[in-house]
Amino acid sequence: MIEVSHLTKQFGDFTAVDDVSFAVATGECVGFLGPNGAGKTTTMRTIAGIFPPTSGTVKVAGHDVAREPDAARRKLGYFPEHAPYYPEMSVDGYLAFVARAKRVARKARHEHVERVVGACGLASVRRRLVGKLSKGFRQRVGLAQALLGDPEVLILDEPTSGLDPEQVSEIREVVKSFRGRRTILFSSHILSEVSQVAQRVVIIHRGKIVAEDATEVLARRLAGAVTLWLRIDAPLGDARAAIALVDGVREVAEQGGRLRVAAGDEATVRRVSQLVSARGWPLLELAQEALTLEEIFLRLVREESDRPRDDGRALAAGAER
Amino acid sequence: MLAVVQKELVTYFSSFLAYVVIALFLALSGFYFYTNLAFFLLNGGFDLVRGLWQYQFHDMLQRNIFLLPLLTMRLFAEERRLGTLELLWTYPLRDLDIVLGKYLAALIVFALMLAASAIYPLLLLPSHVDIAPGPLVAGYLGLFLIGAAFLACGTLISSLTDSQVLAAAATYAILILFWAMTWNEFAVGAPVLWILSSLSLFDRFYTFARGGIDTRDVCFLVLFSAVFLSWTLLALGSRRWRGVR
């Protein structure tokens, strides 16, 4: 398991991670979400033992990464962002090196390499140079090196970044296949992706945890915020007044010949569309605007400050846990 | 550490860098051996050590100034550029394993290169000249120790940048500084002269080139390498407060 307790990491005057606490239970897969620059990578690098925390503790499988780095690293597989690789090494040669570096016993090395080659679908390219592989395969090589040595804990930093949709779903399947057997912390800046793989999500923003919840709960919380764009062939003033009266609609505004409707949830969307058809307004466009990640964070942060402090699910103050 | 040594050797030989450096070294030292031998014969020399070996060793040393930074330039700079250094840090390897592993791999390539150049003295064997092995051993030991110091210096510079070109250029600058340091030593005062000549790498070589082994020189050169390698460790450790760059 992974235990991060009051982790703070500063570089000079800059605080990259500020008093962050969370835990990933054994066998759990947790998504770590945040916009670029939120402190995801710094947190993950600290867990991976690349640098020690400025204050606070990080434990991997019970070993403090700063005090027992060797023991912690043996329990850990790390996949860095952008999947760095040695272009001039073959897949087999590279994995053999990683197995040695991870101190896999000589006799077990071959078997370990075979296992991860199988698990990551690398059998067809194992003799090729890593530099000559497609990005999707290179990403798999990155996953394979993380898996070598059979680590209990996997830290995957944006394993799907920069891939095309097909490769993304392939990598997602590979990561899914690890679930249950290993403790996984998996970062992304795409909410939908995390929710497909992880059971629980931790959201970090500007170095602080702003939310931590089961994926469905969070999705439900965020679903209460839908923005609709309507273009209808009718006098906009009338339509605007009528829609504003629909139950659940928070605000209607006119923008560039369209109506922007802030709706409460999916049911509100349904009521708005029923109204439009009941009135017989020819509908030219009905679009639902997805929230950008930045908006989600802003919403979460705002929600947080509106809530009473004793709400157990509210985690803006990670320090309380 | 052995895993790192092995990986580095694979990289040296699969990227052809090692072949290029070794081939250049052998071609150049072969050419200098030929000219030095011709000069020795023309002058009717009798003393192989003073008339031939010492010139040959000095020529080989000067080629090393330009060739060895090519071996060290990519050691860390390339890993920084690729981002793979970050991965190495998550394996159960100490920084010391990484630094020594890389340094040893460079030393092994260098040792191979020196060993291959031993063919030139061996060419003289059929001529029934009496060749004493001692001075040759001393000369090669000197070349190896100074080369090891060059490699340590190059390893440090490589750990400070993510550009191989910059690493090589900066290593050249430092080695040339050490080389040129005592050229004009008599133009300055006696105290400065003392400092310069005790720091100079190249002045330590004269004894080796003439077939002698001075333990003070051996200690100095080993210490020089050790100091640069420990600075390399400090450079890698700076990620603790600077982050990964």
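**Helix packing, sheet and chain contact**

User: Which residues in H5(A) meet H6(A)?

Analyst: Lys135(A), Gly136(A), Gln139(A), Arg140(A) and Leu143(A) of H5(A) meet Gln167(A), Glu170(A), Ile171(A) and Val174(A) of H6(A). Contact requires C-beta atoms, placed from the backbone, within 7 Å. By class, this contact has three nonpolar, three polar and three charged residues. Nonpolar covers Ala, Val, Leu, Ile, Met, Phe, Trp, Tyr, Cys and Pro, charged covers Asp, Glu, Lys and Arg, and the others, Gly among them, are polar.

User: What kind of model is this, and how are residues numbered?

Analyst: This is a predicted model, in which local features need pLDDT of at least 70 and side-chain atom pairs count only at pLDDT 80 or more, while totals for chains, interfaces and linings use all residues. Residues are numbered from 1 along each chain as its sequence is written, with chains lettered from A and ligands numbered from 1 in the order in which they are written.

User: At what angle do the axes of H5 and H6 of chain A cross?

Analyst: The axes of H5 (residues 135–147) and H6 (residues 165–178) of chain A cross at roughly 15° and come within 10 Å. H5(A) is therefore roughly parallel to H6(A) (angles under 35 degrees). The crossing is right-handed, the near helix being turned clockwise from the far one by less than a right angle.

User: Changing topic: what is the strand order in the open sheet?

Analyst: The order of its six strands is S6-S7-S8-S3-S9-S10 (chain A), with mixed pairing; a pair needs at least two DSSP bridges. Strands S6 (76–79) and S10 (208–214) of chain A are the edges, each pairing on one side only.

User: And how many bridges join S9 and S10(A)?

Analyst: Six bridges join S9 (residues 200–205) of chain A to S10(A), in the antiparallel sense. Ile204(A) stands opposite Ile209(A) in S10(A).

User: Which strands does helix H1 of chain A lie across?

Analyst: Helix H1 (residues 40–47) of chain A lies across S3 (29–33), S7 (153–157), S8 (183–188) and S9 of chain A, and runs at about 150° to S7(A). H5(A) also packs on the sheet, touching S6 and S7 of chain A, and its direction makes about 165° with that of S6(A).

User: How many residues does the contact take from chain B and chain A?

Analyst: The contact takes 23 residues from chain B and 25 residues from chain A. H1(B) gives six residues, the largest share of the side of chain B that touches chain A. That side of chain B has ten nonpolar, eight polar and five charged residues.

Notes. Axes fitted to C-alpha atoms, helices over the stretch in contact; angles between N-to-C directions. Helix = DSSP H or I, 4+ residues; strand = E, 2+ residues; numbered from the N terminus. Parallel < 35°, antiparallel > 145°, perpendicular 65-115°, else oblique. Contact = placed C-beta atoms within 7 Å.
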